[in-house]
Amino acid sequence: MARWIAEWHPDDPAFWESSGKRVARRNLIFSIVAEHLGFTVWTLWSIVATKMGSYEFSTDQLFWLVALPNLIGSVLRVPYTFGPAKVGGRNFTVVSALLLLIPAVLLGVAVNNPATPYWLFLVIAALAGFGGGNFASSMANITYFYPRTKQGVALGLNAAGGNIGVSSVQLVMPLVIGSLGLAAAGWFWIPFVVVAAACAWFFMDNLTSARANPREQLAVAGRAQTWIMSFLYIGTFGSFIGYSTAFPLLSQNLFPEAPYAAVAFAGPLIGSLIRPLGGWLADRLGGAPVTLWNFAAMGGGVLLVWWASTSGNFWLFFLAFQLLFLTSGIGNGSTYRMIPAIFQAKAVAERGEGEEALLYGKRQASAAIGIISAVGALGGFLINRAFGMAFAAAGTPAPAFLAFGVFYVSCFALTWWCYTRTVGVRIVASLAHARV
């Protein structure tokens, strides 16, 4: 029997302190567990692709195997966003976790056959996209559990716990594959996925107040700020997931003798752990100012990595890349804090200060999170394809780095124009709440 909570008022201080905080924390913990496993399966191919030398695939073909889960995961984030509102956050977490078994099992089977065709590997890599969808449903669900004053840190912790799944894969998989063979890359995660699904079933809750009509939620797609924030999220989360999944294969091509496999986990770990700091800074300084200057730092970072990639020194390249992971993590937290701030402030402006307005704002923010996270995740696909095409056309990643630098300049300009510039003595009125 599904467990539903009918009365939920997190913005009421008395309710929050008496019982809400404890229930919210419990749901956050097991949401993180399930989302973490989603990220591990989603990014599994970033390591598997570097271990497929016996198949004699080209560099561009290998980048396709790394890129495809990002593409499918980003598309799935839209329907996954509406899953918790339709069937309950706890129920959907169980189902989405169990779906991870499909790509894990198929990978374990396929690599045991040296005659497995390339197209079948593409299909299995695409199915790993199930893990990418989990992020949207998890974040949309946790939004309802926390009061608006605490959402920056809560969403940051939830996202960081999931993002660390990338680091887990890149730390553990080289050791597992080296000891047990490539098939173990799939089999290894199966018991963990089963445990995550069981924990969600026994320890999470469904909220009656989170139920919403998907058609009504999709109306948020008509708001300009949904698409502005989607563009900015390509620059932050898209960069994080793109660089995380591309780094091992990129390093293998640029520095084939370097111990890249032993340190690949460090960047995703830094980007994940720093993400709550981005949310914390946005809670205190405003999401827009933090995001603005973070994009400036990302532009400088990509130029530094470009230069380091031509130096012949792997460790210089590695250290330069850490700046990109650091800034993408901070930007993830700050941009995600802007989303509920924008839509909840708009709801208050349109409907007044009250619980109904706050709940409406949370529903709008939850729907926007799904669309924004879906578009943002496309950055992971685009970065890997940019590297693949750059190697195929020029034999170097330089054209890709140039494109990334131009993109960060455009993100900086868009953030300034829409959220931080002043007109006379006032901030652009319709968007000022992004600074909350």
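Visitor: At what angle do the axes of helix H5 and helix H10 cross?
Guide: First, a word on ground rules: this is a predicted model, where local features need pLDDT of at least 70 and side-chain atom pairs count only at pLDDT 80 or more, while totals for chains, interfaces and linings use all residues. Residues are numbered from 1 along each chain as its sequence is written, and side-chain values use heavy atoms, with hydrogens and water left out. Helices here are DSSP runs (H or I, at least four residues; strands are E, at least two), numbered from the N terminus, and axes are lines fitted to C-alpha atoms, for helices over the stretch in contact, with angles from 0 to 180 degrees between N-to-C directions. The axes of H5 (residues 101-110) and H10 (residues 190-203) come within 10 Å, and they cross at roughly 170°.

Visitor: Which word describes how H5 runs relative to H10, roughly parallel or roughly antiparallel?
Guide: Angles under 35 degrees count as roughly parallel, over 145 as roughly antiparallel, 65 to 115 as roughly perpendicular and the rest as oblique. That crossing therefore makes H5, relative to H10, roughly antiparallel.

Visitor: Which residues of H10 does H5 meet?
Guide: Contact means heavy atoms within 4.5 Å. From H5 come Leu101, Ala104 and Val105, and they meet, in H10, Ile190, Val193 and Val194.

Visitor: How many disulfides does a search of the whole structure find?
Guide: A disulfide is a pair of cysteine sulfur atoms within 2.5 Å. Take Cys411: the nearest cysteine sulfur belongs to Cys418 and is 11 Å away, leaving Cys411 in no disulfide. Across the whole structure, the search comes back with 0.

Visitor: Is Cys411 buried or exposed?
Guide: Buried means under 20% relative accessible area, exposed over 50%, and partly exposed in between (1.4 Å probe, protein chains only). Cys411 has 0% relative accessibility, so it counts as buried.

Visitor: How far apart are the end C-alpha atoms of helix H18?
Guide: The expected span is 1.5 Å times one less than the number of residues. For the 23 residues of H18 (residues 398-420) that should give 33 Å, and the model agrees, because the end C-alpha atoms are apart by 32 Å.

Visitor: Where is Ser209, and which residues is it in contact with?
Guide: Ser209 sits in the loop between strand S2 (206-207) and helix H11 (214-217). Its relative accessible area is 15%, so Ser209 is buried. Leaving aside neighbours within four places in sequence, Ser209 is in contact with Trp8, Tyr144, Leu359 and Arg363.
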